[in-house]
Amino acid sequence: MSEHQIYTLHINGDEHQVKDAWIGESLLYVLRERLGLPGAKGACEQGECGSCTVVLDGDAVCSCLVLAASAVGSDIATVEGLSPDGSLTDVQQAFIDEGAVQCGFCTPGLIMAAHHLLDHNSSPSELEVKEALSGNICRCTGYGRIFAAVDKVVSVRQGASR
Amino acid sequence: MTVLIPNTLDEALAMLSDNPSADLLTGGTDMMVEVNFNHRKPSTVIALRRLTELQSWSIDKEQQRVTIGAGVPYAEMERGPLAETLPCLAEAARTVGSPQIRAAGTLGGNLGTCSPAGDGLPVLSALDATVHLLSPTGERQISFHDFMTGPKRNVRASDEIITAVSMNIPNGWQGYAKVGVRNAMVISVASACLVLDHSVSDTRMVRLALGSVGPTIIRCRETESWWNSVPSTQQTATATIDEFGSRAGDESRPIDDHRSTADYRRHAISVLSRRLLTRGTQS
Amino acid sequence: MSSVSTSTRQRDVLGTSALRPDGGAKVQGSFAFSSDLWAENMLWGATLRSPHPYARIISIDTTAAWKIAGVETIITHEDVPGQLTYGLISSDQPVFAKDFVRYMGEPVAAVAADHPETCRRALAAIVVEYEVLTPLTDAERALDPTTAPIHPDGNVIRELNIIRGDQKTTGPIVVEGTYELGIQDQAFLGTEAALAIADQDGQGVEVYVATQWLHEDQKQMAACLNLPVDKVRLTLSGVGGAFGAREDISLQVHCALLAMRTQRPIKMQYGREESFFGHVHRHPAKIWMRHHADKDGCIIRVESRMLLDGGAYASTSSAVLTNAATHAQGPYKCENATVSSFAVRTNNPPCGAMRGFGVVQACFAHESQMDKIAAAAGISPVDVRLRNAMKTGDLLITGQPVESVAPVERCIRETDALPMPEDLPATPDPLLLPGGSGRTADRQHIKRGVGWGVSIKNIMYSEGFDDYSTARATLQDGVVMLKFATSEVGQGFVTLAPQIARTVLGVDQVIVEPMDTSIGSAGSTSASRQTWMSGGAVDGACRLVRERLFEHVGRQHNIDPLRLAIDGTDIVDTMGHLRIPVSEATQGQKFEETFEYHHRPTEDLDENGQGNCHVAFAFVAHRAVVDVDTELGLVKVVQVATAQDIGVALNPLSVVGQIEGGIAQGLGLAVMEEIVVDNGRVRNPSFTDYLLPTALDAPVVVAAFVEEPDPQAPLGAKGVGEPPCISVTPAIVAAIRDATGKDLSRVPVRPYDICQ
C-alpha cells in the first residue's frame, strides 16, 4: 500500500475503511482520528503504559505500536466493541462498583487487559492478576480498587458457574 | 511511504529484493516507537505478520535441538513445551516489557535490532544459538556470536530475512536474571544467562552471557574457562563461586548513563552471576 | 414527631460509597477527555521549544516554515496581543520566549497546520539562532548575590525565615542531617490538550481544556490575549489526572491565539515527551535540619535551612516555600524554631505545584530526623512520635494555634494496631520478591524492614488569600441541577456534589451541569481544598434552596418554615403530621440559589515568619514494610498501613481511592521516580526512563479512617487528597534503613545508594 491508499480494517466485527490516512500512522492514531473510535487512549506512544490496549487476533497489544496498515486482515477488538448497545460487561460494571475508576484515562486499556486475562484464565491467582495488568499504568488509583474489581468479577463468575 | 504485506515467505523475499532498504516489521515494539517519535521515517515497510512460516517452533528430541521461528512472540515462549525445554528462554521472555509487549515482540525483532539490552540476546549467546537467514539466493546460518557485531549492528544483508534461531538443548541447569529499578516493565540495567551443560564429555561446563553491560552481548569466556578448569570438588565452594562472580564482573564493560552507573552494573553482574551459578550447582 | 419514612432503600447520600456518575462513560471509552475533542474544519497546533536550558535568542526565522503546504499560521512573541508574560503569583513567564530561553523546552513559537505531521515539519523548518549560554544549575549558586541574574526579577524568588522562641536553647540530644529530594513529575496519564474556537468577530474565544482552575486560566489568558475576561470562555473538558501539573497554564494561550489568528478551531495535544517539558514539576530540595531534644526525645528546638530549586520561572514557588518552612516541625510540639528557607531560580526545569506542595519535602526531612532522635533517646520510632505528637491547641512554629481536630496520637496508634503482613514463605514466588520476574534474588537474599512516617498538612490556601468557591443549586420538578466550575480531575467531586444535594434536599435525581466560566470561580482543584470549599459552596447553595423550599411549603400549608425538615425524600413537619415528598412539593416550582463559600481569613507571615497563615490541618500516619535485596539494592514495598485523619468519610470508596493512589505516588518518589537533569538538560522525558509504579510495585494498603468531625469544615470532612502521599515516602525510606542499616538521606533511593 502506498502513501494515501484506502485500506480496510476489521474492527469489532465491522469493516472500517481508512481514507486519507498517512500510511505510517499507528493503529491507535487511526482508531482515534480516522475511525471515530477514541476509546483507546495515548499516554506515552511507546508501549510503556497500556492505555492504548486493544485485542488484535486474540492478543492484547499496544495499538500505538501497531502500524495500522499492517493490520489489514486481522481481527481487532476495541473497548467500544464490548458494549455496543450500551449495556456494560461484568468487568466494566465491576470497575465502577469497586471504585476502580478515577480520572478514567487508563480505564479502557485496563478493561481490555482484564477481559483478555479472564478470557484466558477464569480463576487467576492474585499474582497472575497483577502480572497480567502490569503493563497498564494507573496514576490515580494505586491499583487496589482495580484488583478488587477483577476479584469481584472472578468470584461472581465462579459463583454463577457452580 | 509504502506498506507491503506478503502472504508467504517467498513473496516477502521478492519484495525485499525489490526494496533492499525496506524495514522489516513484525511486532513493532522497537520500530514503531521510533516512528512515533519521528526518529525513523521508513520509506518502505514489509510487514511479516502473515508469515506463518515464521511463527512456529519445533523441538527435535533426537537431535536435541530446538528451532524457533523469528516471528514467534515472547508470550509463546513463556509456557508449554518450549518453556520446559528452554527454561532460561522462558525466564527471559517473561521479563520482556509488559504482557502487551510480549504478545507482539519476537526474537526476530530482538535480532533485527541487536540492542545490547535486548532481553532475549543473552540467552541466544549462552545457548550458542544459530541465526537462520533467508535471501533469494538461499539460506545462511551464522552463529549468534558472529551475527551481532555491535550496538544495533549485525551482519544481516539487506536482502535477507531472519527466519529462525536454533540451538542445542543443553543437558543441565539453565537460568536467567535481569536487574531493573522497578518490579515490572523493566528496562534492563544488567542481565545474565547461565547454562550448565553436561552434554559434552560428561563434565559440567558453564556458559555465561551478559546483557546491557557492553556494546554487544558479552560471553564470559575467560570466566567460563577458569571455572571449567577448577577441580570439580572445588567448583561449588563459596570462595570459588564468589570469584566466578567477580571475574564475570571484570569481563563486563558497562557504561554510566541516565539509568545507572558502570560501577553498579559491574557489581550487579557479579551478584547475578554468582547467584545463577549457585542456583545451578545446587539444583 | 413525624411518622417514620417508608423509604428504606439505600440512597446515595453523604456517608455512602456512591458511585461515580461518569463511570459508565469512562468504562466504555466514551468519556471525552480534552484529547478526544474534535471540531469540524479544525487545524492542529504545535509548539516549538528551546533545545537549550539557557540561551539568548538572536533571531527567529519562520520564512521556510510558512512555505510548507498546509501551514496556516505561525506565531511568536511578536504576535501576543496583550501581556507578554503570565504566572500564578508573579507574571514572570513569557508566553513565547523573546530575548532569552531559560529552560530546556521553553516555548519559542507555535504553528497551526492541517495535520500533526505538517506541524512537525513546520516546526523543524523554523530557524532559531541561539547564542548558547552557560546555564545556572546549582541552586546554591543561585543564592549567591554575585551570580548574574538569569531573569529581570533576579535569582531569588523568595526568602522566608521563621524565628520563634529561644534561638539558643539546646538539649542533651542533638541530631542533624542534610536531606535531598530529586524532581518528581506528576505524570498524569491524560496529557495536555485543548480545543479553541475563536469568535467570528475576533473579540473573544471559546476554549475547552483540561485544567485545575478554569477562572485562573481565564484571567491569565485574557491578559495575554488582550481581551476582557468575559470574552474568554472556558469549558472544562475531561481531565486525565492533574496532581498539580495543571495549575499553571501550558497550552491555553498558544491554542487560543492560533484560533484567533486563523479563525478556525485549533486542537493542541502534547505527547508524553512534550508533556514532561510542558508543565511544572515538584521542587527538588536540599534541606538541612537539626533537632535539639531532651533525654526522653521530646523536641526542644528545630533548626532548618531549606533550599528549593524553582527552576526557570516562579510559578507557585513562593507558596510552596511557605508550606515547606511552616511545616518544618512536623505534627509535633515545638516551641523554638530557627528556619531559613529559600526558593531560587535556575535554568533547571520550572517547578511548582505537585500534590503535597512543599510539605513532602519538609516531611522527608523531619521524619528522617525523628528516627535519629529516637535512636539517640533509645526509644522506638513509634514512641518518639507519640511523645511529641501535637494536639488541638498546640502551636505551630509560626505561632498559629492548631484549631483543627488534631488526632495525631490516634493516627499513630491506629496505624500501629493494623496487622503486619505475613513473612515471605520459604520458597516465594519470584513476583513477591524485589526484582520480580527478573529472578534476581532468592529468599535468603532478602531483609525485611519497617519504617514510620507521620505528617501534618495544611488544607486550603494560605497567607491572606481570600479563597472561595461558587455553586448554584436549582430545584425544579423534583430534580436538582448543580452548577459549579470545580475541576473534576478524577478525585470524585462530581460524585460528592450530588451526594450533598441528595442529603440536604431529599431529592435523588441530581444533574451536574458542565463546568465552565459562566458561573463564578470554584478555585483550584489542589491543596486538598475542594471537598471543603466547593463542598461548602454546594452545601451552602442547597441550604439556601431548602430555605426557599420550606418557605414555600410553609406558606402553602400555613406552617412556620422553621418546623420543617427533610426526612429521606420527604418534607416533614417536625412538630406536626405533614409529610410530603419533595418531588411533589416542587412540582411546577423552581428554586435557585447561588452561594459563594469563603473560608475564614488567614494572615500574612511577618518578618519572623509569625502569623496565622493557614486555614486548617489534616494529619496522617504511615507504616511501611519493605523487603530489600541488600546486595543488589532492589526494593519491594510489601505493605503500607495508614490511619488518616479525614474528619468524616463522606464517600468511603472515594477516600480509599485517594489513600491508595496517594500512597502509590509517595512510593514512586521513594524508590523510582526522578526527572534526571544534567546541566539543565532533562535526560529521561519518557515512561521508559521515568518510572511509575506498576501493578506489581503497588503494596498492599491497609487503611483506617480516623473520623473526628472538624467543626470548622462545612461538612465536617477534611480534604483527603494530599496526606496519603506525604509521610509514606519517609516511612518507606525508614523501612529501607531498617532493613539495610544504611543512612539514606536522598529520595528517590537508587539501588546503588543501598548496596554501594
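In chain B, strands β6(B) and β7(B) form a hairpin in which two residues lie between them, and this description, like the rest of the briefing, refers to a predicted model.

**Strands of chain B**

- Strand β6 of chain B is mostly covered, since five of its six residues are buried.

- Strands β19 (residues 468–476) and β20 (residues 479–484) of chain C pair in the antiparallel sense, with six bridges between them, and here C:Ala473 stands opposite C:Leu482 of β20(C).
- The hairpin of β19(C) and β20(C) has two residues between the strands, and C:Asp477 takes a positive phi near 50° in this hairpin.
- Strand β20(C) also pairs with strand β21 (residues 510–512) of chain C, in this case in the parallel sense and over three bridges, with C:Val480 standing opposite C:Val510 in β21(C).

**Domains of chain C**

- Chain C is divided into domain 1, made up of 23–31 + 468–598, and domain 2, made up of 401–458 + 615–756; the centres of these two domains, taken over C-alpha atoms, are separated by 37 Å.
- The contact between them takes 13 residues from domain 1 of chain C and 14 residues from domain 2 of chain C.
- On the side of domain 1 of chain C that touches domain 2 of chain C, the elements that give two or more residues are α12 (493–505) and α13 (530–557) of chain C, and the largest share, five residues, comes from α13(C).
- By residue type, that side of domain 1 of chain C divides into three nonpolar, eight polar and two charged residues.

**The largest nonpolar core**

- In soluble globular proteins, nonpolar side chains tend to be buried together.
- The largest nonpolar core holds 407 residues, and the members that touch the most other members are C:Ala196, C:Ala256, C:Ala501, C:Val538, C:Val626 and C:Ile732.
- Leaving aside residues up to four places away in sequence, C:Ala196 touches C:Val205, C:Val207, C:Cys255, C:Ala256, C:Ala259, C:Pro265 and C:Ile266.

**Chain A**

- Chain A has five helices and five strands, and from the N terminus on its elements follow the order β-β-α-β-β-β-α-α-α-α.
- The radius of gyration of chain A is 16 Å, which agrees with the value near 15 Å that a compact globule of 162 residues would have; taken along the principal axes, the C-alpha atoms of chain A fill a box of roughly 50 × 30 × 25 Å.
- Buried residues account for 64% of the 162 residues in chain A.
- Of the contacts in chain A between residues at least 6 apart in sequence, 57% join residues that are at least 24 apart.

**Contact between chain C and chain A**

- This contact takes 45 residues from chain C and 41 residues from chain A.
- On the side of chain C that touches chain A, α1 (23–28) and α15 (652–671) of chain C each supply at least two residues, and α15(C) gives the most, with eight residues.
- The residues on that side of chain C divide into 20 nonpolar, 18 polar and seven charged.

**Contact between chain B and chain C**

- Here 26 residues come from chain B and 27 residues from chain C.
- The elements of chain B that give two or more residues to the side touching chain C are α5 (87–95), β11 (174–179) and α12 (262–282), and α12(B) provides the largest share of that side, seven residues.
- The side of chain B that touches chain C comprises twelve nonpolar, seven polar and seven charged residues.

Key: Residues are numbered from 1 along each chain as its sequence is written. Chains are lettered from A and ligands numbered from 1 in the order in which they are written. This is a predicted model: local features need pLDDT of at least 70, side-chain atom pairs count only at pLDDT 80 or more; totals for chains, interfaces and linings use all residues. Helices (H or I, at least four residues) and strands (E, at least two) are DSSP runs, numbered from the N terminus. The radius of gyration is taken over C-alpha atoms; the globule rule is 2.2 Å times the number of residues to the power 0.38. A residue is buried if 20 or more other C-beta atoms lie within 10 Å of its own, exposed if 12 or fewer, and partly exposed in between; C-beta atoms are placed from the backbone. Two residues are in contact if their C-beta atoms, placed from the backbone, lie within 7 Å. Ala, Val, Leu, Ile, Met, Phe, Trp, Tyr, Cys and Pro count as nonpolar, Asp, Glu, Lys and Arg as charged, and the others, Gly among them, as polar. A nonpolar core is a set of buried Ala, Val, Leu, Ile, Met, Phe, Trp, Tyr and Cys residues joined through C-beta atoms within 7 Å. Two strands pair if DSSP finds at least two bridges between them. Domain bounds come from an automatic or database domain assignment.
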